[in-house]
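Thanks for coming. Please look at it first.

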Amino acid sequence: MERLDHFLSGAQVASRKELKALLKAGSVTINGTVCKDGSQKIDPARDEIRYLGQLVEADRRVILLLYKPAGYVTSTDDPRDPTVMELLPPAYRRYAPVPVGRLDKQTEGLLLLTNDGALAHRLISPKYEVEKEYFAIHEGQTCEEDVRAFQEGLVLADGTRCKPAVLTPLGPGQSRVIVTEGKYHQVRRMLASRGCPVQYLRRDREGSLTLAGMEPGQIRELTPQEALELDR
């Protein structure tokens, strides 16, 4: 939430000083209702702000956290399958956020979307070593030998080299995996290379962000504090 006058000023409708007169004249509406109070709190993602009848859109960084359900592809457009963009509330679409990295069609879990290209690059690039934590249900059982192999960095059958990762066995058919890169189907391929083909995969954490309190298909905007943590 932010003040109406701050929003209008940021959108370069007028200066703070000029805005007082414009508001007093009834030139601004919120969701169709005239508002003359510059201190009125608004939600730019949901409220429709108009000045002299024209929609006001400010350039605004948006960072969204989606609990991606299975069955959706991580793409802005796909001719065959539903995409994660279809789960985006209409109010956010005007800010043109795009997925940060990928989760394959059958993988569930935490997926960020943003219109901040520099942030997206930092989150994706192995250089910055942002942790991504996964929960996997798989065939077989991982063991200490697998843990060491992950720590050393696996080389997959096609020659793909993976950075050192953390594997935590959780008992028969279940493991947690933490990686700092996002190669194609990486976690699935890493576990399969150790004789543990994945049957279910969910990303539970990226950096300091988790799915706490969310259900598949839910989406929310990050709090200012969460966004600040990502910028560090």
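Start with Arg203, which counts as buried because its relative accessibility is 4%. Buried here means under 20% relative accessible area, exposed means over 50%, and partly exposed is in between, with a 1.4 Å probe and protein chains only. Glu206 is buried as well, at 2%. The side chains of these two, Arg203 and Glu206, meet in a salt bridge, 3.8 Å from N to O. By salt bridge I mean a side-chain nitrogen of Lys or Arg within 4 Å of a carboxyl oxygen of Asp or Glu. Salt bridges with shared partners also join Glu131, Glu133, Arg176, Arg202, Asp204 and Arg205 into one network.

Before I go on, some bookkeeping. This is a predicted model, in which local features need pLDDT of at least 70 and side-chain atom pairs count only at pLDDT 80 or more, while totals for chains, interfaces and linings use all residues. Residues are numbered from 1 along each chain as its sequence is written, and side-chain values use heavy atoms, with hydrogens and water left out.

How many salt bridges does a search of the whole structure find? The count is 20. One of them pairs Asp116 with Arg61, the closest N and O atoms being 2.9 Å apart. This pair links distant parts of the chain, 55 residues apart: Asp116 is in the loop between strand E9 (108-114) and H4, and Arg61 is in the loop between strand E6 (54-55) and strand E7 (63-68). Helices (H or I, at least four residues) and strands (E, at least two) are DSSP runs, numbered from the N terminus. Asp116 is buried at 16%, whereas Arg61 is partly exposed at 34%.

Another salt bridge joins Asp43 and Arg46, again with closest N and O atoms 2.9 Å apart. Asp43 lies in the loop between strand E4 (41-42) and strand E5 (49-51).

Now the helix, H5, residues 144-152. Asp146, Val147, Ala149 and Phe150 are buried in H5. Seen down the axis, the buried residues fall within an arc of 165°, taken from the directions from the helix axis to the C-beta atoms, so they line one face of H5. On the other side of H5, Glu144 and Glu152 are exposed. The buried residues pack against strand E11 (166-169), strand E12 (174-179) and helix H6 (186-193), where contact means heavy atoms within 4.5 Å. After H5 comes Gly153, with a positive phi near 95°.
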